[in-house]
Amino acid sequence: MGSLKVAFFGSPSISAELLAALLDSSQHRVVCVFSNPDRPRGRSSQLQATPVSLLAQQQGIPLSRSEKPGGREDLALLRQSGADIGVVFAYGQLIPMSMVHSLPAGMVNLHASLLPELRGASPIQSAIWRGMTHTGWSLQKLARELDSGEIIAQRSMDVDPEETAGELTARMLPEGIRLTLSALDDFQALASLATAQEHSKASYCRKIGPREAIIDWRENALQIHNQVRALNPAPAARTSLDGGLVKVWRTRISPDGPEELQALNCGEGLASKQRLWVRCGKDLLEILELQAEGRRRQQAGEFVNGLRLPAPYKFGNG
């Protein structure tokens with residue numbers, strides 16, 4: 001099986017980058033695309049297509065945006081396209097096995113962790129939040145259970161202790177794209193050597209939303225630092241100050257705050273020489289960049305200069 005006709009499944013911008021790479025490939029051809037339905041977005045709540053849908057439309061590729069994939073129209077599209085294999089990356093919906101089995105080579109899924117670690121919806125964010133020092137990519141055969149398929153290929157990558165989820169994603173994505181393209185080029189041989197996951201070693205991560213973004217200042221400084229990194233750019237770690245919402249964008253572990261901090265309670269902060277520290281359950285955290293509700297992002301010094309509050313500043317616990 002040399003050149004492959006590909007049915008692509010994906011939705012967000014990172015998925016569109018893999019689709020673009022497949023479209024540029026001289027070895028393989030994308031013959032149909034499946035993406036999420038158009039959703040209302042922004043203040044106007046106007047319906048907007050996913051980045052993958054937009055790219056498919058621009059290229060004139062047959063496109064399905066089913067609310068629930070696997071219906072007769074979807075199966076008919078797969079048959080009519082003549083697709084050999086399905087490639088799935090950040091699709092956002094469960095794909096029924098009837099669709100998987102309708103393709104001669106089945107489907108493969110690109111997942112941003114070293115499976116069986118971090119099966120689920122937020123592998124990059126969760127790797128950072130859990131303080132992991134390395135992660136990577138897994139290309140797996142799509143199976144009935146979530147992220148449990150046989151591993152076709154993997155690639156390990158280090159995690160920098162200061163980078164955010166957005167930065168790590170941007171650094172990882174080219175490697176994930178290369179892994180997928182190289183595996184498709186030699187798919188028959190690699191698929192025959194695919195290895196089962198050690199299911200007893202599996203760990204899981206779920207989708208992270210605004211509810212998980214609230215900072216609990218009773219946690220230790222390292223845990224909060226990792227939370228801030230993991231939730232940048234979305235949904236952004238947040239706390240309260242003077243009754244208003246504050247998003248915290250960047251922090252660092254800081255052993256050298258003012259002596260007065262030692263007497264403060266968790267969540268209380270002081271500023272000195274354009275720097276801002278907060279007392280955590282253990283150790284101090286320096287806030288480098290933050291954003292008050294309705295205002296732009298600011299460096300800590302600029303933010304503190306605009307405060308009209310008595311010190312110590314009282315940040316709210318979750």
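This is a predicted model: local features need pLDDT of at least 70, side-chain atom pairs count only at pLDDT 80 or more; totals for chains, interfaces and linings use all residues.
# A guided tour, from one buried glutamate to a strand

Begin by selecting Glu-268, which is buried, with a relative accessible area of 11%.

Is Lys-314 buried or exposed? With 54% relative accessibility, Lys-314 counts as exposed, whereas Glu-268 is buried.

Next, select Arg-155 and Glu-175, whose side chains form a salt bridge of 2.5 Å, N to O. Here too the pair links distant parts of the chain: Arg-155 lies in strand β10 (residues 151-158), while Glu-175 lies in helix α6 (residues 165-185), 20 residues apart. Arg-155 is partly exposed, its relative accessible area being 29%, and Glu-175 is buried at 18%, a value that falls under the 20% limit for a buried residue.

**Another pair.** Move on to Glu-198 and Lys-201, where the side chains meet in a salt bridge of 3.4 Å, N to O. Glu-198 is partly exposed, with a relative accessible area of 46%, and Lys-201, at 54% relative accessibility, counts as exposed.

**Strand β16.** Now select residues 284-292, which make up strand β16, and show the surface of the rest of the protein around them. Eight of the nine residues in this strand are buried, so β16 is largely enclosed by the rest of the structure.

Which strands pair with β16? One of them is β13 (residues 244-253), which runs antiparallel to β16 and is joined to it by seven bridges; if you pick Val-248, you will find that its bridge partner in β16 is Leu-290. Strand β15 (residues 275-279) also pairs with β16 in the antiparallel sense, over four bridges, and here Trp-277 stands opposite Glu-286. Strand β17 (residues 298-299) pairs with β16 in the antiparallel sense as well, over two bridges, with Gln-299 in β17 as the bridge partner of Glu-289.

**The two hairpins.** Follow the chain from β15 into β16, and you pass through a hairpin with four residues between the strands, in which Asp-283 takes a positive phi near 75°. Continue from β16 into β17, where the hairpin has five residues between the strands and Gly-294 takes a positive phi near 80°.

Side chains of opposite charge can pair when their charged atoms come close. In total, the structure holds 16 salt bridges.

**Zooming out.** Finally, show the whole protein, whose secondary structure comes to nine helices and 18 strands. Its C-alpha atoms fill a box of roughly 70 × 45 × 30 Å, taken along the principal axes. Of the 318 residues, 53% are buried, and the protein exposes about 15500 Å², of which carbon and sulfur atoms supply 49%. If you colour the charged side chains, you will see 35 positive and 33 negative ones, and the centres of the two sets lie 5 Å apart.

Definitions and conventions:
Residues are numbered from 1 along each chain as its sequence is written. Side-chain values use heavy atoms; hydrogens and water are left out. Buried means under 20% relative accessible area, exposed over 50%, partly exposed in between (1.4 Å probe, protein chains only). Two strands pair if DSSP finds at least two bridges between them. A salt bridge is a side-chain nitrogen of Lys or Arg within 4 Å of a carboxyl oxygen of Asp or Glu. Accessible areas come from the Shrake-Rupley method with a 1.4 Å probe; for residues, only the protein chains shown count as cover. Lys and Arg count as positive and Asp and Glu as negative; His and the chain ends are not counted. The place of a charge is taken as NZ of Lys, CZ of Arg, CG of Asp or CD of Glu.
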